[in-house]
Amino acid sequence: MSETTIVIGAGFGGLAAAIQLAAAGERVVLLEGADAVGGKAGTASFDGACFDTGPSLLTLPEVPEALFALAGAQLRERVQLRRLSPAFRYHFADGVQLDVHDTLDATLEATRRTLGADAAEELHGFARYAERIWQASAPAFVYGDAPAIRSMLSMDVRTVAGLSRIDPLRAMQTAIDAQVRDPHLRRILYRYATYNGSDVRVAPATLNCIASVELGRGGFGVEGGIGALAGALAVLATELGVEIRLGSRVDRITSQAGRVVAVDLQDGTHLPCSAVISNADARHLHEALLPEADRPPRREQPASMSGYNAVFRVPRRQDREAVAHQVVFPDEYIDEFAAIFDRGTVTATPTVYACNQRAAHGRAGWADADALFVMINAPSVDAASAPTDASALREQARAALSRAGICDAVDEVVWERTPEGLAARFPGSAGALYGAASNSIFSAFRRPTNRSPLLRGLYLASGTAHPGGGVPLAMLSGMAAARALLHDLGRPAQAACPALRAG
Ligand SMILES: Cc1cc2nc3c(=O)[nH]c(=O)nc-3n(C[C@H](O)[C@H](O)[C@H](O)COP(=O)(O)OP(=O)(O)OC[C@H]3O[C@@H](n4cnc5c(N)ncnc54)[C@H](O)[C@@H]3O)c2cc1C
């Protein structure tokens, strides 16, 4: 039997798994169907300017730091992270603008100046509550192996005090409304549900810890774009001996006697292997790559949100401040969740997000203009009641952004992608940005685990497996998959890095 581990996919999860395995001395071949690494963290260019087309905000930088460290390297020697202040500017329908900074203290001060002392106190109280949830839940749900009900019990949720620490029984919105009266702050806090594509009306309040990750620890830019982080991981993997083959689409995984033995590529190449780590969307793995006899029964889980994405070419102007991230809220926000999850559509006046890639990532843009990455949340292709009307969403984005002074109504759209486009590029994703939505208290337990229970030698490293979507979590998924494989080989897996401990 070949002693090679094949990793399918060079997204953050696949790259992280390959790095951890190669650092432990394993022979790794990484097969990527596309012609570039990065997966959903893609890049594109127009008229000489390169821009990101996927994630635009990096949280939990200690995760890539730990990954580099376990390979004997230092993230900060290869990738410059950018602290952003202001990081976010929120625009509200009543004309209020509130900035969120890179420290909680600065954000509280901005809140006090803009919304008053009572609002700042409410936000401070909420941040403390969100941090308590993070401290109590992250070791089991984020940094640990895939949780079983027993991990809940180990958090002492049998007692009322234990349960209240992670607040799983209320919905996010209920918990926010109970603690925060200011309507502007409520909107900002509701929006954190979209960070894993979930529905704030029903997602467990445990997810309010996302507020702590961003408000308490900060969101970062990456010099050269988030795509540059994927590029740096690919360089590190290559230095460790990982063979990265681009343009290598896997068609099938072959098994014998309940064990993975080979993969077959679209071009007819047959590659024997001792193990496979799949970075593909879990549904693609389960419904297309696995032999039929080894497929799990289909378990319907509602997909997380998708998005309409565009890049606008926005002329630089003296009177227009380039802020890294800006969000333009409509008058009514909660209906946006109802539209996406109940009606399978986008509201008539959706929230519009815009990332100025020069301010966030130091991307040069054009001689006289910046690249503005734009997103409107939308239902996944699975949930959509009708095909996306890109021209309507384009005009809604233009209208909202020009009203807020972020761009002009005539600015050119140089790149665009609908949920259908995302679904076609990432098979099995249905266009969802983060795998299944975390809309139930059981979502974390239903997520695919990093060691397949179906086939020996098969592991999952993906934002659609444990611990979930988003750049740092996809990397943690890769590291958890590599740990599981090393454990099964009887090899000591690197102990969890101290930097990965919560808090
Ligand atoms: C528009 C957008 C905005 C986002 N914003 C943010 C953000 O601001 N912050 C954040 O943290 N997260 C964000 N996310 C989510 C984040 O990008 C993802 O969760 C993360 O990048 C997923 O990584 P992954 O490891 O699951 O791999 P993926 O990125 O899903 O990559 C999987 C790779 O596997 C390859 N592959 C699949 N099947 C095969 C096959 N059969 N053969 C060969 N190769 C195959 C694919 O080509 C792809 O390269 C965003 C996502 C999108 C799309």
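Colleague: What makes β6 and β7 a hairpin, and which residue in the turn has a positive phi?

Modeller: β6 and β7 form a hairpin with five residues between them, and Gly95 in the turn has a positive phi of about 95°. This is a predicted model: local features need pLDDT of at least 70, side-chain atom pairs count only at pLDDT 80 or more, and totals for chains, interfaces and linings use all residues. Residues are numbered from 1 along each chain as its sequence is written.

Colleague: Why are β6 and β7 called paired?

Modeller: Two strands pair if DSSP finds at least two bridges between them. Four bridges join β6 (residues 88-91) to the antiparallel β7 (residues 97-100), so the two strands pair. One of the partners in β7 is Asp99, bridged to Arg89. Strands here are DSSP runs (E, at least two residues), numbered from the N terminus, and helices are runs of H or I of at least four.

Colleague: Which strand pairs with β6 in the parallel sense?

Modeller: That strand is β15 (residues 325-328), over four bridges; His325 in β15 is the bridge partner of Phe88.

Colleague: How do you know that both faces of β6 are covered?

Modeller: Phe88 and Tyr90 on one side and Arg89 and His91 on the other are all buried, that is, 20 or more other C-beta atoms, placed from the backbone, lie within 10 Å of the residue's own.

Colleague: How many residues of domain 1 are in contact with domain 2?

Modeller: In domain 1, 16 residues are in contact with 11 residues of domain 2, contact meaning C-beta atoms, placed from the backbone, within 7 Å. The domain bounds come from an automatic or database assignment.

Methods:
Contact = placed C-beta atoms within 7 Å. Buried ≥ 20, exposed ≤ 12 C-beta atoms within 10 Å, placed from the backbone.
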